[in-house]
Amino acid sequence: DVRSAGPALDPGSTSADGARAAVLLLEASGLDVADGDVPRQGELGTLVVLVDDLDDDGWAVVRRFVSSGGDLVVAAPFSPLSASVDATESGRVTVDGRCDIPQLDGVRDLDIPVLRTFRSGVPGCLTIGGAPGALVTMVGDGRVLSVGSAHPFRNDALAEADHAAYV
């Protein structure tokens, strides 16, 4: 049994605040998961950013990746490609279950310390008081799914509420 500590939301960390369980869940769902910085030129697929630790050059590479047709899931709400944050909710949040984002269909109940909602004229999901906690925007040929919390990706939170469906 190999355990690994690391920074919060590190995909290799088995610590309570790590994200190794989310990686294992995605792999068990048949997805190929690679831990790395940013995609190489010409690579497509889905990139997940849980923590905004990229510099301007890194975000430029991500923007090119998305513009070329890649998908980005960004759970760091103040990142350059995230939708604009409108408000913050906290505690156990029951969300409006209607969702046009197939990946989030079925998410109804989140137990998270903070959920940021977004300002948008675009319909979103996980709405609280009419404000979306997740929404998709187009950037070039690709899509950016902005989600208002990375908490459900944590090892110690993945089994709570509808967090596994959120991931």
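Reader: What makes a residue count as being in contact with His 151?

Author: Contact means heavy atoms within 4.5 Å, and, leaving aside neighbours within four places in sequence, His 151 is in contact with Asp 111, Ile 112, Pro 113, Ala 157, Glu 160 and His 163. This is a predicted model, in which local features need pLDDT of at least 70 and side-chain atom pairs count only at pLDDT 80 or more, whereas totals for chains, interfaces and linings use all residues. Residues are numbered from 1 along each chain as its sequence is written, and side-chain values use heavy atoms, with hydrogens and water left out.

Reader: Why is His 151 called buried?

Author: Its relative accessible area is 17%, and buried means under 20%, with exposed over 50% and partly exposed in between (1.4 Å probe, protein chains only), so His 151 is classed as buried. His 151 is placed in the loop between strand E6 (142-147) and helix H3 (163-166), where helices (H or I, at least four residues) and strands (E, at least two) are DSSP runs numbered from the N terminus.

Reader: What makes strand E1 (46-49) and strand E5 (134-139) edge strands?

Author: Two strands pair if DSSP finds at least two bridges between them, and the open sheet of four strands has the order E1-E2-E6-E5, with mixed pairing. Strands E1 and E5 each have a single partner strand, so one side of each is left without a neighbour in the sheet.
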